[in-house]
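Please examine the structure shown below.

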Amino acid sequence: MSTATLLDKQAARRGPAADDDRRIDAVGYLFVAFFTIPFFLFNILPVFFGIYVGFTRWSIVGSPRWIGFDNYAQAFHDKWVWVGFQNVLLYGVLIVPSVTMLGLAFALFVNRGYPLSGLARSLFFAPNVVSATVIGLVWVWLLDTQYGLLNHYLGFLGIEAVPWLTSTQWSLVGVSIASVWWDLGLAFVLFLAALQDIPSDLTEAAMVDGAGRWNRLRFIILPHLRPVISMVVTLQLISTLRIFSQVYVMTNGGPGTSSQSPIYYVYQVAIVRNLFGYASAIAMLLFVGILVLTFLQRFMLSERA
Amino acid sequence: MSIMPGRLRNWLDERRMTALDLPIWLLGMIVALAWFAPFIWMVSTSLKYPSDVMTLEIEWFPRRITFDNYIKVFSYPVVRWGLNSLIQAVTSTALSVLFGAMAGYALARLKFPGRDALFALFLASLMIPTEVSIVPMLLGFIKLGWASSYQALILPTIGNVFSVYIFRQFFLSFPREIEEAARVDGAGPLRLFFLIALPLARAPAIAATVILFTLNWNNFLWPLLVTFDESMKTLPVGIAAFTPVVGTHTQLEGFSVAMAAITILSVPSLLLFFLLQRYFIQGISQGSIKQ
């Protein structure tokens, strides 16, 4: 603090012009330290520790044994790893387009500024603020085969009761429905913010030129939203690759392994089978997948710009 | 359009709506209500007698209500779990908002070598999913003998970059004149920050607080892994075990109790959201759009 004050005084003596380019606020290090220390200890260090753990055989009791790439070799031959990655691709196919399209549709609606659109905005976003436990339990009840609301209303359309969470064919779809309901809020808010950024004279000019709703959407609004759409798709894809909590609450990965996800498998390997090294290695594989996707998105965005 | 009664016509004109807007508006509002309906169903089920729950008739508003389900919820250690959740969420949020504000201020306003590299590192770290570091971190906490402890629940949640980011954005556009005046009066950086800058940063402080509190209150995977003791569970983790097991007795009476439990769990975050939604929505769109 004292050195910084001294520097400040020197700066003040030199006048405001010099102040801005040559000043060094040593106190800045103190300001960032409070955040940076826990950040390094709990956000950065565990990643490097995890890389190391991934090369060992390690359980809660005992000490680590270095085994090189054995965990990774084992992962490639592990049927359940493949099942997890296969399931998560299906989750992605179901969840990402639904969240993107519904989120965009809801945002377009709210952005029209009809009466009560503030209320609609709150209702669309609300599921995003509750925990996975709430999402999971509400949907286990709504998706109940015999007494669930969804099957009840689908019955009016002549659709026979679907065993959403109790059959290997449907469990992944059931969990995806709950996930869309939970995740949509973020996509919705991002689209809404982007829509409000479109200069109103642009759409008004198009209206004067006689452009209908569809043409305005296609030629003005959608091109303007392209970067946000790309961002929403990437964010949602990444969060879907990490899907765990709702799976844990709703189906425990089952029936069988039909709704299991990679992180669910990591959880089982670590907690149930007590193989921390192997669990870390599987998590690393997922991390690499996520990094590749992130870079692909950055690359595609900069190509366009 | 001639078939439209004059009063409706006027109502639409006042709102700059056309005849085509009316069905879109109605449909959209119905979808919005349906989107929220699961919460209504949750509360409605929580107030029903167990025998009125698993029925083929749909009763959105129960004919007869009971609070027995809530009483049954309290036969589990929910008070303890709630207390754990509160301690964890309040401490984590307070620390990450305060530390985030200090770091955000320094990154926006103070000059020191390495500043921009540090910020770039913060942003880059957003690409690391927490799930990757969670297994090694768990191992670390177990080896330290810190499993099932408050420090295990709290420490890993402090370094939240969102908080730094939202304060940095705010202080970047914060008028320099106010600080310059105080600086000439001889105020050092610490006083400048705590007495002048921080009190003016109400908007990002509220946004960061509500968003991080919700995040911490809802946190699931880490508390699930790190709490082996029943008494150290947090509310979301404890209540997750209320899932009625298919084909057993718990399935028959379970849903009303489970819905009561998650009504209790969702009230704090829903209330916070409805009261302060402007901050939620602005904070979230600011926080993610520019990354």
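Q: Are α9(A) and α11(A) roughly parallel or roughly antiparallel to each other?
A: This is a predicted model, in which local features need pLDDT of at least 70, side-chain atom pairs count only at pLDDT 80 or more, and totals for chains, interfaces and linings use all residues. Residues are numbered from 1 along each chain as its sequence is written, and chains are lettered from A and ligands numbered from 1 in the order in which they are written. The axes of α9 (residues 171–197) and α11 (residues 213–241) of chain A come within 10 Å and cross at roughly 165° (helices are DSSP runs of H or I, at least four residues, numbered from the N terminus; axes are lines fitted to C-alpha atoms over the stretch in contact, with angles from 0 to 180 degrees between N-to-C directions). Angles over 145 degrees count as roughly antiparallel and those under 35 as roughly parallel, and therefore α9(A) and α11(A) are roughly antiparallel.

Q: How do the residues of the contact of α9(A) with α11(A) divide by class?
A: The contact (C-beta atoms, placed from the backbone, within 7 Å) includes Leu190(A) and Phe191(A) of α9(A) and Val228(A) and Met231(A) of α11(A). Ala, Val, Leu, Ile, Met, Phe, Trp, Tyr, Cys and Pro count as nonpolar, Asp, Glu, Lys and Arg as charged, and the others, Gly among them, as polar. The division is 8 nonpolar, 2 polar and 1 charged.

Q: Which helix of chain A gives the most to the side that touches chain B?
A: The contact between the chains takes 77 residues from chain A and 81 residues from chain B. By class, the side of chain A has 59 nonpolar, 14 polar and 4 charged residues. With 18 residues, the helix that gives the most is α3 (residues 27–54).

Q: What distance separates the centres of domain 1 and domain 2 of chain A?
A: An automatic or database domain assignment supplies the bounds, and it divides chain A into domain 1 (2–44) and domain 2 (78–304). Taken over C-alpha atoms, the separation of their centres is 42 Å.

Q: Which residue does a cis peptide bond join to Gly254(A)?
A: Most residues other than glycine have a negative phi, and most peptide bonds are trans. In the loop between α12 and α13 of chain A lies Asn252(A), whose phi is positive, near 55°. The cis bond, with omega about -5°, joins Gly254(A) to Pro255(A).

Methods. Contact = placed C-beta atoms within 7 Å. Helix = DSSP H or I, 4+ residues; strand = E, 2+ residues; numbered from the N terminus. Parallel < 35°, antiparallel > 145°, perpendicular 65-115°, else oblique.
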